[in-house]
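Please look over the model shown here.

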Amino acid sequence: MQLHGYANRLARIDLTTRTVEYEPIPEEWALKYIGARGLGDKFVFENGPAVEPLSPDNLLCFMNGPVTGTEANMSGRMAVVTKSPLTGTLTHSHHGGWSAARMRWAGFDGLLFKGQADKPVYAYVHDNQVDLLDASEVWGKGVHETVKYFEFMYGEKDLSVIAIGPAGENQVRLACWINETDRASGRGGTGAVGGSKMLKAIVIKAEKQMPKHAADREVWKKAHERALKTIMDEKNVTAPRKGGLSVYGTNVLMNIDNRIGALPARNAKEAWFGEAGELISGEYVNAHILVENPTCHACPVACKKEVEIKDGEFAGLHMESVEYESAWAFGAMCGNKDVRACAKLIDQCNDFGIDTIEMGVTLAMYMEASENGWTNGGGKLGWGDYMHMVELVEKTAKREGVGDLLAEGAERAAKKLGHPEIAMTVKGQGIPAYDPRGLKGMGLGYATSNRGACHLQGYSPASELGLIPLKTDPLAWKGKGDLLKLLQDLFAFMDSMDVCKFSSFAEGGEEFAEQYSAIVGVPLTVDELLKTGERIYNLERYYNNLNGFREGSDSLPARFLNEPSQAPGSTGNICELDLMLDEYYRLRGWNNGVVPEAKLQELGVL
C-alpha cells in the first residue's frame, strides 16, 4: 500500500559517531501511530523505557505528521518526543511557527538523535540531507543571539532555527527547545536532553514546496473547504479577527477563568486573582501593549500577540507572545499584577530556553516557602516581587546559587526544602492555568495525563467553558471520565497528524478523519480515528507503567482535594478526583491506572 502525505524519509543521527543514516517510515507503524506524537512515542518506546533521560542512550525525536507542510488548516506543528528528565515519563511537546513545514519541504518526516557529541554541534537540514556541524561559536549564547547567528550565516529567507539556550546546556530540568526565537516546545525538559547530547540547534533551510500528492485531490479539496469553513464560521472562537481566540489570543481565558473561580493564584492557595486578573488579561494586553498579530503556517486564526513595552523598567522590550499560560504563571500564580513584567519574564525564558509554566510554578512554590520561612537560609522571594523573579530566572538558567535548586523544578525543589506539599505538580510536572476546584474535568485531566500535569492532553475546558457544542457543567464531576477519555483519544490523533489543538474549537472528528483519508489515502471513520488515539494513549501509559508509574500514580496536590475554594464562582468546591477516576478507569479498562495486557493486545500495542 502506498501511503501519501509522508516524505517517507527519516534521519537517524548518531551524535557520538557523527553519522547520519536515512530510512523510510515502517508502514505498519505509520498506519497504527500516524506520525508526530504517535510515531515519536513508538520510536522512544522501542528504544527502551529504562533509559536514563540525560544519558547518551536516550532518543530525542523531532517529528512531523502526514499533513505537515500541506494546505491543511493549522498544520504547522512539530512534536519533540523523548523520555523526560523532569518527570521520568514519555513526553511530547509541540511548537508552532514554520519549522515543521520547512522540515517537510526539506524532505523529512522526522529527525532521531541518539548518543552524545564530544563538542557542541548543530544539525543543518536541507535538500534531503542532514549535516552535523560545529556549534562552538553559539554554545553559551541565548536563543535570540543564536537565531541571529544562523540567519547571518544562511540568510533569513526560508530559514527556521530550533535551539536551546543556556538552560538546556546546563541541563536545567525545565529547559525547552525554542523555535524561531519565541515558539516553545515547552514542557517536560526536552531542552535538557538536547544539552546532555551537546546538540545546540536544528537549522532548517527549505523553500516553500507545498506537497501536491494527496491521495485524491478532489476529495481533499472538499475536505479542506469544509474544515476551513468551520474555522472561519463567526460563531466559533477561531473566526479570524472576530472570534475571541483570534482577537485576544489564548489570553482571552484570563478573565473567563478568573470570574468562575478557576484561576490558581499565589501557588493555588486561592482560586482567583480578584480585580488584578484584568490587569494581566488579553483584553488589557490588546488595549495597552499589542503591536502585531503574527501567525503560523497555514493558520488563518493568528492567535499570537506581539507586544512592545514603551514605559517603566522594561521600556523598549519588543517580544512575542503574552500567552495565557505564561501570563498566568508569572502573573496570578506568583501574585504579580504587572503584565509588562510578565512580558519581560516570558522573553527571558524564550532566550534562556525555559518552560514558562514550570518556571512560574517553581517560583510560586518558592514564594510560599519564603512566606513560611522554609527556604533553609536560601533567601526569600515575596509575592509579586517581579524584579527578584527576573533575577532568579537568570540564576535558574545558569544554575547559580539558589537557581541550582530551582533548576530541578518545583517538585524536586519542594522535597529538598522539606515541604513537598507546596509543589503544585503531578508526576513531577507543574500544573497549568486551571484550578481543578472550579474546572473539575481539568483535575481529572491533570491526574491522568501521561506526561505529568497538562491541559493539552484532553482539553476539558473547551467543554466546561462552552467553547464547543459538547457542553458540560464545570462544577459537576459526573460524566467527566467519559469527556476526558474522548478528548484524550481525539487529541492523541490530532497531535499525530500534527495539527494545532485550537482547530478542535471548530473542527471535529469527521473533519479530521476526512482530511487524513484524503491526503494519506487510507479510509478512516471517526470510530477508527478514536481507536487510533486510544492506541497511542495506551502505548504512552504502558511505557510509564514500565517506568514505575503504577497504581496510585494518578493524583493531584492535596490542596485541590482538601482545601475548598473561597473564590466567587467556585466557593466551597474541592476536586472529587477519586469519584472521577473510578468512572475514567472503568471506561479505559485500566486497573487503577495500569494497562492490562489484554487491553494492549486488543489495541495492537502488543
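What follows is a short report on selected local features of this predicted model.

## Basis

The model is predicted: local features need pLDDT of at least 70, side-chain atom pairs count only at pLDDT 80 or more, and totals for chains, interfaces and linings use all residues. Residues are numbered from 1 along each chain as its sequence is written, and side-chain values use heavy atoms, with hydrogens and water left out.

## Helix 4 against helix 12

Helix 4 (residues 143-154) packs on helix 12 (residues 339-352) at about 55°, and their axes are 6 Å apart. Helix 4 is therefore oblique to helix 12. Angles under 35 degrees count as roughly parallel, over 145 as roughly antiparallel, 65 to 115 as roughly perpendicular and the rest as oblique. Axes are lines fitted to C-alpha atoms, for helices over the stretch in contact, and angles run from 0 to 180 degrees between N-to-C directions. Helices are DSSP runs (H or I, at least four residues), numbered from the N terminus.

Helix 4 contributes Val143, His144 and Glu145 to the contact, and helix 12 contributes Asp347, Asn350 and Asp351. Contact means heavy atoms within 4.5 Å.

## Aromatic rings

The whole structure holds 19 aromatic pairs. Rings of Phe, Tyr and Trp (its six-membered ring) pair if their centres lie within 6.5 Å; planes under 30 degrees apart count as stacked, over 60 as edge-to-face and the rest as tilted. Tyr149 and Phe150 are edge-to-face, because their ring centres are 5.2 Å apart and their planes stand at 85°. Tyr149 is partly exposed, at 29% relative accessible area. Phe150 is buried, at 0% relative accessibility. Buried means under 20% relative accessible area, exposed over 50%, partly exposed in between (1.4 Å probe, protein chains only). Tyr149 and Phe150 belong to one aromatic cluster with Tyr122, Tyr124 and Tyr154.

Phe502 and Phe505 form a tilted pair, 5.6 Å centre to centre with 35° between the planes. Phe502 and Phe505 are both buried. Arg9 lies over the face of Tyr22, 4.1 Å from the ring centre. For such a charge, NZ of Lys or CZ of Arg is within 6 Å of the ring centre and within 35 degrees of the ring normal.

## Glu507

Glu507 sits in the loop between helix 19 (480-497) and helix 20 (509-520). Glu507 is buried, at 4% relative accessibility. Beyond its neighbours within four places in sequence, Glu507 is in contact with Asn73, Ala227, Thr230, Ile231, Phe512 and Gln515. Thr230 is 277 residues from Glu507 in sequence, yet their C-alpha atoms are 6.2 Å apart.

Technical notes
Helix = DSSP H or I, 4+ residues; strand = E, 2+ residues; numbered from the N terminus.
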